[in-house]
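Please look first at the sequence and the three-dimensional structure shown below.

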Amino acid sequence: MKNFKRIALFIAFILIQYQHTSASSSPQNAMIASNNAIGKYIGNHTLIDQDGKKFNLSEFRGNPIIISLIYTRCSHICPAITMNLRNAVKGVRKDFGDKFKTITIGFDVENDTPARMKEYGGKFTHNFKDWIFATAEKDTIDRLAKELGFYYKKIEGGFDHLNVVTIIDGEGKIFKHIYGIDFKPEEIAGPISELFANGRIASKIKKPKGLLDRLILFCYKYDSATGTYKLDVHVLMVLLGIGASGFISLLITYMIHSMRKEDKLAR
């Protein structure tokens with residue numbers, strides 16, 4: 001796992017350098033800022049969706065949020081990130097439906113208007129309810145980017161920027177960054193599933209009320225490989241064994257008690 005993380009970070013360094021030949025900022029510093037942002041809260045920023053309507057990030061508190069920052073004039077890197085994000089989100093939707101939101105934000109404030117974001121977003125989804133394509137004022141973009149540890153800089157012909165997708169937990173805290181372009185669906189599904197498994201989406205998880213609910217939850221285990229819950233047969237067999245033993249013990253106790261009662265009556 002450590003080697004995998006090192007490889008991922010190395011690839012991210014290369015991608016930053018390779019995207020534009022005139023990169024002017026240290027990739028190491030960009031990655032340090034990005035990693036330092038993990039565990040910190042993002043502010044309640046006001047964004048503008050693809051239909052021109054304003055919304056606040058706090059509206060989605062209690063749900064995980066997947067955030068990606070792109071610019072619509074990008075001809076290769078950003079569309080590749082968005083395409084892979086679309087493929088990843090499809091898989092997560094099968095398990096968690098609408099219990100999370102995806103927000104793609106255009107940081108090129110001069111060109112990424114709501115209409116342009118809708119045109120761009122329409123190439124990847126028709127469900128703008130759960131996947132929002134947004135823009136904002138420059139100050140808002142700058143503050144949000146800083147909080148996320150997202151590096152971007154305008155250069156001739158486009159932008160230098162970090163290739164990353166960020167997952168925010170239900171409390172508004174940065175949970176994980178996924179770096180690169182060609183990330184796999186499980187790299188998104190895994191952290192989302194982990195948030196639910198660890199109870200960090202409290203408002204969306206039904207707490208067990210009775211013994212039966214607790215037993216049902218206890219009999220299932222989280223499979224990190226598939227990002228789903230599976231029935232733990234071993235635990236189930238143990239519980240059934242305990243239940244059977246308890247039932248037999250109660251039955252024997254009842255029979256002994258009945259025999260003693262009958263014996264007393266016979267005397």
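Strand β9, residues 174-179, is mostly covered, since 5 of its 6 residues are buried. Buried means under 20% relative accessible area, exposed over 50%, and partly exposed in between, with a 1.4 Å probe and protein chains only. Strands (E, at least two residues) and helices (H or I, at least four) are DSSP runs, numbered from the N terminus. The model is predicted: local features need pLDDT of at least 70, side-chain atom pairs count only at pLDDT 80 or more, and totals for chains, interfaces and linings use all residues. Residues are numbered from 1 along each chain as its sequence is written, and side-chain values use heavy atoms, with hydrogens and water left out.

The partner of β9 is strand β8, residues 164-168, and the two pair in the antiparallel sense over 5 bridges; pairing requires that DSSP finds at least two bridges between the strands. Val165 stands opposite Ile178 in β9. Between β8 and β9, which form a hairpin, lie 5 residues, and in this turn Gly172 has a positive phi of about 85 degrees.

Val165 is also one of the residues that Ile66 touches, and others include Leu85, Phe100 and Ile188, not counting residues up to four places away in sequence. Contact here means heavy atoms within 4.5 Å. Ile66 is among the residues with the most contacts inside the largest nonpolar core, which has 61 residues. Helix α3, residues 77-96, gives the most to this core, with 9 residues. A nonpolar core is a set of buried Ala, Val, Leu, Ile, Met, Phe, Trp, Tyr and Cys residues joined through side-chain atoms within 4.5 Å.

Finally, the protein as a whole has 8 helices and 11 strands, and 42% of its 267 residues count as buried.
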